[in-house]
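Biologist: I would like to learn how to read a model like this one. Please take me through it feature by feature.

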Amino acid sequence: MSHPSTRTTSYNVVKRTTDICASAIALLVLSPLLAAIALWIKLDSTGPVLFTQKRVGCHKKLFTIYKFRSMSTDAPKDVATHTLQNASAHITRAGRFLRKSSLDELPQLINILRGDMSVVGPRPALYNQDDLIAERDKYGANDIRPGLTGWAQVNGRDELPIPIKAKLDGIYTERYGVDIDLHCIYMTIAAVLTNKGVQEGANSDEQ
């Protein structure tokens, strides 16, 4: 039986190759949808099509994440949306649909192609989420590429307190491999279809 570090290194090669192929094909196939969403955003509200933000990547290296803009330009930029007291007041008409359907996350395919992210991994923390970053350090979850979806995402998403979220990211790190990645993808599809775990504000009525 191979050493765990050897297995991890081998899977990293497979995972990165899969990420490149999957993101490149998805960007090509979905290009008409991406263009339509971009046009909708421009027609719906004033501001850029894409929203950018500094996030924490592998080994805590910062990178710029891409999303379709779903909020007004005067919304707080470097705050997790689910912590805002009046999040719905900032979400645009187009943004409400994009967020519920998770279509606002599609530009992260560019991040995956560039190597900032993977299809599956811990969701990248905001650069100023020191509490989440510190908790993830306990489990080594800051030392793998963050993902478009992850184990914490499919087991509670925005509803989870930070210690539980970090612990779930730690479980993913410990079980790192093809089995948990495929399980995450399967559960992500189900979660997206049901909007499971989505919270748009600190108040329970901000949905």
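Biologist: Which residues form a nonpolar patch on the surface?

Modeller: Val178, Leu182, Ile185, Ile189 and Leu193 form it, with about 490 Å² of accessible area together. Patches are built from residues with over 30% relative accessible area and no salt bridge; nonpolar side chains (Val, Leu, Ile, Met, Phe, Trp, Tyr) are joined within 5 Å, and like charges within 9 Å. Accessible areas come from the Shrake-Rupley method with a 1.4 Å probe, and for residues only the protein chains shown count as cover. Val178 lies in helix 7 (residues 178-194). Val178 counts as partly exposed because its relative accessibility is 43%. The classes are buried under 20% relative accessible area, exposed over 50%, and partly exposed in between (1.4 Å probe, protein chains only).

Biologist: What are the ground rules?

Modeller: This is a predicted model, where local features need pLDDT of at least 70, side-chain atom pairs count only at pLDDT 80 or more, and totals for chains, interfaces and linings use all residues. Residues are numbered from 1 along each chain as its sequence is written, and side-chain values use heavy atoms, with hydrogens and water left out.

Biologist: How many helices and strands does the protein have?

Modeller: There are 7 helices and 4 strands. From the N terminus the order is α-α-β-β-α-α-β-α-β-α-α. Helices (H or I, at least four residues) and strands (E, at least two) are DSSP runs, numbered from the N terminus. Of the 207 residues, 47% are buried. The accessible surface comes to about 10800 Å², and carbon and sulfur atoms hold 61% of that. Take the contacts with a separation of 6 or more: 70% of them join residues 24 or more positions apart. A contact means heavy atoms within 4.5 Å.

Biologist: How do I read helix packing?

Modeller: Two packed helices are described by the angle between their axes and the distance between the axes. Here, helix 2 (residues 31-44) and helix 3 (residues 93-101) pack at about 145°, with axes 8 Å apart. Axes are lines fitted to C-alpha atoms, for helices over the stretch in contact; angles run from 0 to 180 degrees between N-to-C directions.

Biologist: Which residues of helix 2 and helix 3 meet?

Modeller: Ile37, Trp40, Ile41 and Asp44 in helix 2 meet Arg93, Ala94, Phe97 and Leu98 in helix 3. That contact has 6 nonpolar, no polar and 2 charged residues. Ala, Val, Leu, Ile, Met, Phe, Trp, Tyr, Cys and Pro count as nonpolar; Asp, Glu, Lys and Arg as charged; the others, Gly among them, as polar.

Biologist: Now salt bridges. How many are there?

Modeller: The general idea first. Side chains of opposite charge can pair when their charged atoms come close. The rule asks for a side-chain nitrogen of Lys or Arg within 4 Å of a carboxyl oxygen of Asp or Glu. The count is 8. One of them joins Lys60 and Asp137 (3.0 Å, N to O). This pair links distant parts of the chain, 77 residues apart: Lys60 is in the loop between strand 1 (50-56) and strand 2 (62-68), Asp137 in helix 5. Lys60 is partly exposed at 40% relative accessibility, and Asp137 is partly exposed at 38%.

Biologist: Where does Arg136 sit, and what surrounds it?

Modeller: Arg136 is in helix 5 (residues 130-137). Arg136 counts as buried because its relative accessibility is 4%. Beyond its neighbours within four places in sequence, Arg136 has contacts that include Pro122, Arg123, Asn142 and Asp169.

Biologist: Last, how do I read phi?

Modeller: Most residues other than glycine have a negative phi. His59 has a positive phi of about 60° and is not a glycine. His59 lies in the loop between strand 1 and strand 2, and is exposed at 56% relative accessibility. Ser102 also has a positive phi, near 65°. Ser102 sits in the loop between helix 3 and helix 4, and is buried, with a relative accessible area of 15%.
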